[in-house]
Each structure stands twice: as structure tokens, then as C-alpha cells.
Amino acid sequence: MPLRAFDKLAAILRPVAVFAGFICLSTSGASAQSPGVTGDTILLGGIGPLTGPASWVGLGARDGFMLALDEISVAPIHGRKIKIIWEDDGGTPSGAFAAAKKLVEREKVFAIFSGQTSNGAVALIDYLSDNKVPFFNTTAASDKLVNPLRKNIFIGASMPQSRTGEGVVSLAIDYHKAKRPAMLSPSDEQGKSFATWQEKWFNARGVQVVAKAEHAAGDADFTGQLVQIKASNPDILVLASAIPAASIILRQARELGFTIPIIGGSSSTGAALPQAAGPAAEGYQSAWLSPYFLSDPAPENQEFLKKYRSKYSTTASGRPNYPDYFGYADAFVVAESLRRAGRDVTREKFITALESLKDFRGTSVASLRNFSPENHVGNADLSFLVVKNGQFVTMDFHPIIKSK
Amino acid sequence: MDSSLFLQLVISGLTVGAIYAVVALGLVVVYKATDIVNFAQGQFVTLGAYFGLIFHVFLGLPYPLAFFTAVAAAVVIGLILERFTVRPLMNSPEFAIILATFAVSVIIQNVIRLIWRDYTFSFPPIASSAPVELLGVRQSVQNLLIVGVSLIIMGLLFLLFRKTRLGLAMRATALNRQAAWLMGVKASQIYGTTWALSAALGAAAGLLIAPLLGVRPDLGDIMIKAFVAALLGGFSSLPGAIFGGFALGVLETVAGGFVSNAFKDVLTFAVMMAVIVFLPNGFFGRATIKKV
């Protein structure tokens, strides 16, 4: 082609190219300012323990989120679909940090949805705050996430341990009239934080804890701790352990002759506990943070279970568990906030939209969510369940919680 | 802490120790015959538990039948591993074979993770978990049954080695490969049998602990404790492995009860170091004399 003809063609195409570029820029709108946002997609990062002893938390949150995403994707948000990349943190701070760095710096995600344990989530506070990345936690419960309040960090379905701890102490004192409580907790971030708050609330109510013992994550024999605790003659045993450890503790405690009430936090509540502990679980009471429990015959709950089992037909016994419910419920919270943030969504607008949610219930199996610029903890519903005939059922007890 | 509590800890430690002993026996059986430390031994424990889950929980076979079926399945896996990973390397340096067993261990664990993910599956109790009390010591029927079955396994192993031609051939191969071959013992068959036996022991241990701990991919981590138990016994002695298993179980349970849970592992590995330094042949091993 002669050079002159090429110049002529270029002269014609140049304004077209400029116009096309303008169109592209205007349709991708926020992409210049907001990482992870393109014309048709909002890219989120998901983190949780997908392997290891705490994987039931991360896998549950992930599966719940993905189930909700199927429903959310039916009506794209301002023309965009949500995509999410999941990374495994193994339940460790170092794993969490590596996962967050990859998602933020390499994948350029818009926000992080966390189905983590507190152990991993707490490790991300400074990094994600420094990078102004919205960090929405559905399962982690450490108070460090929201105290002091940081603009970018939220807790959805879960509840800070200070509040759950107060509820569990209320159950021990107001329901069981306990005067000599003993505590057994995991030595990780979540366990230590929960145990610290429990002890604070016991002390605040004038009750002295007579024995405290710890166990490592993944421990399978608790005889030593239980014998130590028994020697202090407690009138109630309060656990901060999650389901796998709590179910073994219950069995070993009964084998060792514990006849006192044993109670625990929400991380020990799930269908897997009575299955694994068998008759030793009878009478065990623990906290719960959703309106329905698994066995609840309410049509809304049964509808959720039907959808869940249709998508995940091969999950382990004991699933769905509370992380599945939490991930499912909070996916709608995130989607609604993205919708309220508008077409020109930015991280700041997303955070403002989250803070504007009042009495929001994204799905019928979720508790109400209330956020504000001063309150980044969405869920305030705490109830207790008890194991009866091999299943958790609701308890007629309403804890006294002043910290709300 | 009074004497009944001490006794309680000792009895509880024996349950854990019985499992350690069975897994340690699997390690020792292979080591005696081939001079190889089988790092895949822990995965036989995991495989046994998963096979048990399939046969007992999913397919509904009665526990005793599921037990034998699961052990048989693990034996097949053991034979395959020996034939395709260990035997081709028999003339390679020992560390190459040990690394191969380590690689096999990682592969098995992650294949399990790929199939079953990291879920913990609950396994129904094999006997009543209600406690029985004797002389102030409480123990569940299930735990007593676990100790009982472990003792039966140890007894059967003793009979195999002492009273059968196969056991005699295995002992002969362990003592002197060349001489055994000259007497008509086929070393390759003995190696295969040894791995099959080791897989059976590991799987049996997995089937015994599944009702206590559930079924999960990291069950095989128990091998670390079994390794310490085998070391205590001298690593080449079957009675030594049994002694090491029970001693370790009791030691760590008592340490956990009297001091703290964290101290349990400190003591375990401190004892292991002490044995390596001061008793390199353990409590039951014999010093190797090499003619030069």
C-alpha cells in the first residue's frame, strides 16, 4: 500500500479511534479509580481456611457465598456480575497475609470477603486498612477487627467475642446459677480472645473462674486438661473450642465423670457436634447467631436446605453448618451494598452504602443487619441452643447483654 | 493431685499408647526387613479410616466386617506401593527410598484431600461410650475395646513371627538377606509381605481411632508419635515398639495432666532426644556389630 494511502486511512480512523476510546472509558467508568471494577464485572477476593483443621469454616463460608451468588447473578448489579477468587489461608496469619497480598496486588480485587477464623483475619487488619480495601468478615469474631473502629472493616453475621462472651457468661450465671466456672479454650487468636472476654465478664459479675486450661488447634486428647479442671471442682465448664475439639472434649469429659453443665460459644454449634460426640453431647448448650437452626422445619429454612443440597450433594455430614448460613446471608449484604453504591461504584461509596444498611435482611434465613458509621457489627441476634435427642434445638433463654 | 487422678491419667494414656504401639509396629516391621523408615506409614492409618468410613458408614457393613474389608483394601494399596515405588529402588541409596516413601505419603494425603476435601467425617462409636468405673478409674467401654483389639493385634503379630513359616522367613530375611536367599527364601516376596503387613497395621490403627477423632486427612500425623515410640523401643524391636507406644501414651497424658498441654509435646521430644543421645539403640534394640 502506498504511504500516502496509509496516511489517508490513518486520518480517517484517528477520530474513530479517539471516539471509541472515549466510549470505552465512559463504559468502564469506575475502573480507573476502583480496582476490580470493569464494565461488566466486580471482582472480589475471598479468603478462608479451605484446608486444615478449620477448613469447615472457610469451605462453609465459600459454599454459602457461591450458593447466594447463583441467585444474585440472575439480576446483574448495574449491569455487572460479581466474580470472586477464593484463596486458602490454612487458618494461619502467614497464610492469610499471603492470600490477601495476592488478591490485592496481583488480582486487583475490589474488596475482600472473609470466611476466616480470627487467627487469619486479625493478621489482615493493618494491611487491608493501609491499602483502604473493604474487608467484610462473615465468620471471624475477634474484637480486634472492630475495636478500634476502622473505616474499611466490617463484621456481618458473626459477632465480636466480647458480646458472645457476655451472652455465654449470662447463660452460666443467670440460667445455671454458676459460682465456680472453669474454662477450656483453644490457644489460637479466636480461643484466647473468647476466653479473655468470658473471664472479664465473669469477673465483672463478681464470679471467680476456678480453672483455666488451653489446647492447641488439632489436638485430639484432652484428658490432661480435663483432669486438671476436675481437680478444681467447678460447677460449670465453659468451652471456647470449635466443633471438632468440642465434640471430643464432651465425650472425654463425660467418660471422666463430669456431670456438671458444659456450655460453649457459637463456634461449637453445628449438627456435626452431636453426631461426633454421640450421647455425651446431650444437654450441651451453645450460642447461635441465625434465626433458624438446621433442623428447623420452617419453610424458609427447608427451602434453603433444598437449594444447598441440590448444589452440594457430596458435602460431609454436619454441613451446611453456621459458616454456610453466614456466607450465604452475607453475600446478599455485599450485593445490596454494591447495588446502593451505584453504577460509579468506588470503595468509598461501597463502604458508605454498607454503613447505610438498616434492618436489612437479604434472605429469610439471615438475621437483620444494621450498620452505621459508628457501628460496623451487623448482627445483634444472640440465642442459645441445646442438644436434645441428638439434635440442637432452641432454648427458652434470653441472655442479658449490656454491651450491645 | 491424688493417686486416683494419677491412675486415671495412666489408664487414659494406655488407650492413646495402644494406637501408637500398633502404628509403631508397622514402622518396625518394614524397618527390620528392609532397613527403610517408611514415611508413608501414617497414610496407611488415614487410608484405613477412610476405607472404614466407606465400608461401615456409607455402605452400611457391620463394623467387624468393615474392619477386615478396610484392612484388606489397605493391604492391596501397600502391595501396589511396594511393587511400584519401593522394589524398583531396592538397589538405590537408602535415602532415595526414604524420600520415595515421603513422596508417596504426600501424594496419598493430597489425593485424599482432592477427593474428600478437608472435612472431618464423624465415625459412629464402635461400643458404648458410657464410662465404666473400676477402683475409682473411669474408662469408656469403647476405649477398653480399643486397647483390647490392639493387644489382640500385637498377639497375632507375635504368633506370626514366632509360630509360622512366613514369620520365620521374614525374620531370616531381616537377619541376613543373603543367607535367607540361599535357604530358598524369596526376598521380593518377603518385602511385599512386609509392606502388606505394615499397611494392615496402619489401617487397623486408623479404624480404631476413627470413632475417637473422626475421619480427616491429617489422621496420619500420628506417625510422628509412632516414630518416637519406635525409637524408644530401639526401632528394630517389636516388643520395643509396643513398650514405646504405651510408655509414650502414658508419659504425655500424665505430663498434660500434671503440668500443661503444651508441656506434653516438649516432654515427648525431649525424651526422644535423650534416647537418641544416651540410648541410641533404645530400650530394646541391640547394638549392631559390623565385622571389618
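Begin with the largest pocket, which has a volume of about 1200 Å³. A pocket here is an open set of points on a 1 Å grid over the protein atoms alone, where a 1.4 Å probe fits, with protein on both sides within 12 Å along at least five of seven lines; lining residues have an atom within 4 Å of a point. The volume is the space filled by probe spheres set on the points, which are joined across faces, edges and corners.

This is a predicted model, in which local features need pLDDT of at least 70 and side-chain atom pairs count only at pLDDT 80 or more, while totals for chains, interfaces and linings use all residues. Residues are numbered from 1 along each chain as its sequence is written, and chains are lettered from A in the order in which they are written.

Next, select K32(B), A174(B), L175(B), S236(B) and S237(B), which lie nearest the centre of the largest pocket among its 32 lining residues. Then colour α5 (141–163) of chain B, one of the helices that each supply at least two residues of this lining; α5(B) gives the most, with 5 residues. Helices (H or I, at least four residues) and strands (E, at least two) are DSSP runs, numbered from the N terminus.

Turn now to the meeting of the two chains. Here 34 residues of chain A are in contact (heavy atoms within 4.5 Å) with 32 residues of chain B. The chains bury about 2500 Å² between them, 53% of it on carbon and sulfur atoms; buried area is the accessible area (1.4 Å probe) that two parts lose on being put together, summed over both. Select V227(A), R251(A) and E255(A): they supply 22% of the area that chain A buries against chain B, more than any other three residues.

Follow R251(A) and E255(A) into helix α9(A), where both are among the buried residues.

The peptide bond from N147(A) to P148(A) is cis, with omega near 5°, and P148(A) sits in the loop between β4 (135–137) and β5 (153–155) of chain A. H78(A), not a glycine, has a positive phi of about 50°; look for H78(A) in the loop between α2 (55–72) and β2 (81–88) of chain A. In chain B, select D35(B), whose phi is positive, near 65°, in the loop between α1 and α2 (41–58).

Methods:
Side-chain values use heavy atoms; hydrogens and water are left out. Buried means under 20% relative accessible area, exposed over 50%, partly exposed in between (1.4 Å probe, protein chains only).
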